[in-house]
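User: I would like to go through the terms used for this structure and ask what each one rests on.

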Amino acid sequence: MPRSASISIPDPFSSVDVGEERKVILTAIDDSGAARRSVHQGWEEVADAYVADPLGLFEGCAGRLLSLLQPPSGAVVLDIGTGGGAVASQASSWIGSEGRVVGSDVAMSMLRHAKPTCAAPGSAAAGFCQMDAEWLGFADGSFDVVACAFSLFQFADMGRALVEMARVARPGGRVGLSNWGPGYFTPIAGMQRALFREFDLRPILANPITFRPDELRALLESAGLTQVQLEAEKVDECFKDSQAVWDYNMSMGPFPMMVRDQLLEGDRQRLHERFLEIIDTIASQEGIRCTFHVLYALARRSS
Ligand SMILES: C[S@@+](CC[C@H](N)C(=O)[O-])C[C@H]1O[C@@H](n2cnc3c(N)ncnc32)[C@H](O)[C@@H]1O
């Protein structure tokens, strides 16, 4: 178990029964260390803003991940770092009423949004549990498909989380991840990075937000996953204005925590103003155009 772990508060969503041999047990949340606590706390606080997904970006990418993963009908699917349940809810209609979906996330406030998304008739039953991705409370080989969308880089020990994903997938089972590829969202990411440096902001995440394809492949392979396939795709988006770009950042758990913990009130205000000023330089009549770089990874647990 994690050092100085705190047990999460029991809640209707904190445990789920996915069948006789697959009882889910409540595991500890690893909140050891300031960085882990901050990431967890950050996501607890932004749930409403995050799930609003004004660009529809996460919904769209969830659909794309499933179309690459092709979960068979009747499959048992785990969505790790499910957030508002973008992947879990689409997976539940994809696999039909014979299947089962479990969504897990460290943040209970995210799970409260996820639960109602999986109610469509003919969909698979879905359950949600508060669980740390590095300490999954599932038996080995419990799932036909394990998905993890835009969450891997949030986990302090990514290697450990990937080993857990491989462990809970059944032999020959599929693992699919969506991640940010080099560039994250161009041209905005580079502009805001320079501004954050100006304000001396240090990232609180243990990992970079983006992965190079070779790095991601190496990570998956070192967790024992095989047949790794990578798909880099671009998604063009348009924020309505510079404030919407700021709001997007503020809906990403670790970002508001970083600003709050590292800047005094006056500097926070100045950062916000400078941010809008800088982003306004690329505004067009339509808004702020940008391109998100998504890197999907598909793999299998060896048989
Ligand atoms: C960017 S959101 C992605 C949510 C969702 N998968 C989607 O595609 O919209 C990242 C999610 O990872 C979760 N998370 C962060 N650290 C975690 C951990 N150690 N274990 C489980 N979930 C974690 C956050 O609470 C958040 O819901």
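**Core, sheet and ligand shell**

Analyst: Val77, Val146, Ala147 and Met165 touch the most other members of the largest nonpolar core, which has 78 residues. Strand S7 (residues 288-301) gives the largest share of this core, eight residues. Note that this is a predicted model.

User: What makes a set of residues a nonpolar core?

Analyst: Its members must be buried residues of the listed nonpolar types, joined through C-beta atoms within 7 Å. Met165 is among the members that touch the most others. Setting aside residues up to four places away in sequence, Met165 touches Ile80, Val146, Cys148 and Val175.

User: Why is S2 called mostly covered?

Analyst: A residue is buried if 20 or more other C-beta atoms lie within 10 Å of its own. In strand S2 (100-105), six of the six residues are buried, so the term applies by that cut-off.

User: Which residues of S2 point one way, and which the other way?

Analyst: Arg100, Val102 and Ser104 point one way, while Val101, Gly103 and Asp105 point the other way; all are buried. In a regular strand, side chains alternate between the two faces of the sheet.

User: How do you know that S1 and S2 pair?

Analyst: Pairing needs at least two bridges found by DSSP. S1 and S2 have five bridges, in the parallel sense, so they count as paired. Ile80 has Ser104 of S2 as its bridge partner.

User: What joins S1 to S4?

Analyst: Four bridges join strand S1 (residues 76-80) to strand S4 (residues 143-149), and the two run parallel. Asp79 has Ala147 in S4 as its bridge partner.

User: What makes S3 and S6 edge strands?

Analyst: The open sheet has seven strands in the order S3-S2-S1-S4-S5-S7-S6, with mixed pairing. Strand S3 (125-130) and strand S6 (225-239) each pair on one side only. From one strand to the next, the twist averages 20°.

User: Which strands does H3 lie across?

Analyst: H3 lies across S1, S2, S3 and S4, and runs at about 170° to S1.

User: Which residues are closest to the ligand, and which helices supply the shell?

Analyst: Of the 22 residues around the ligand, the closest are Trp43, Phe58, Gly81, Gly83 and Ala149. Helix H1 (34-52), helix H2 (57-69) and helix H3 (86-95) each supply at least two residues of the shell. By class, the shell has 13 nonpolar, six polar and three charged residues.

Key: Residues numbered from 1 in each chain as written. Predicted model: local features only at pLDDT ≥ 70, side-chain atom pairs only at ≥ 80, totals over all residues. Near = placed C-beta within 6 Å. Nonpolar A, V, L, I, M, F, W, Y, C, P; charged D, E, K, R; others polar. Buried ≥ 20, exposed ≤ 12 C-beta atoms within 10 Å, placed from the backbone. Contact = placed C-beta atoms within 7 Å. Axes fitted to C-alpha atoms, helices over the stretch in contact; angles between N-to-C directions.
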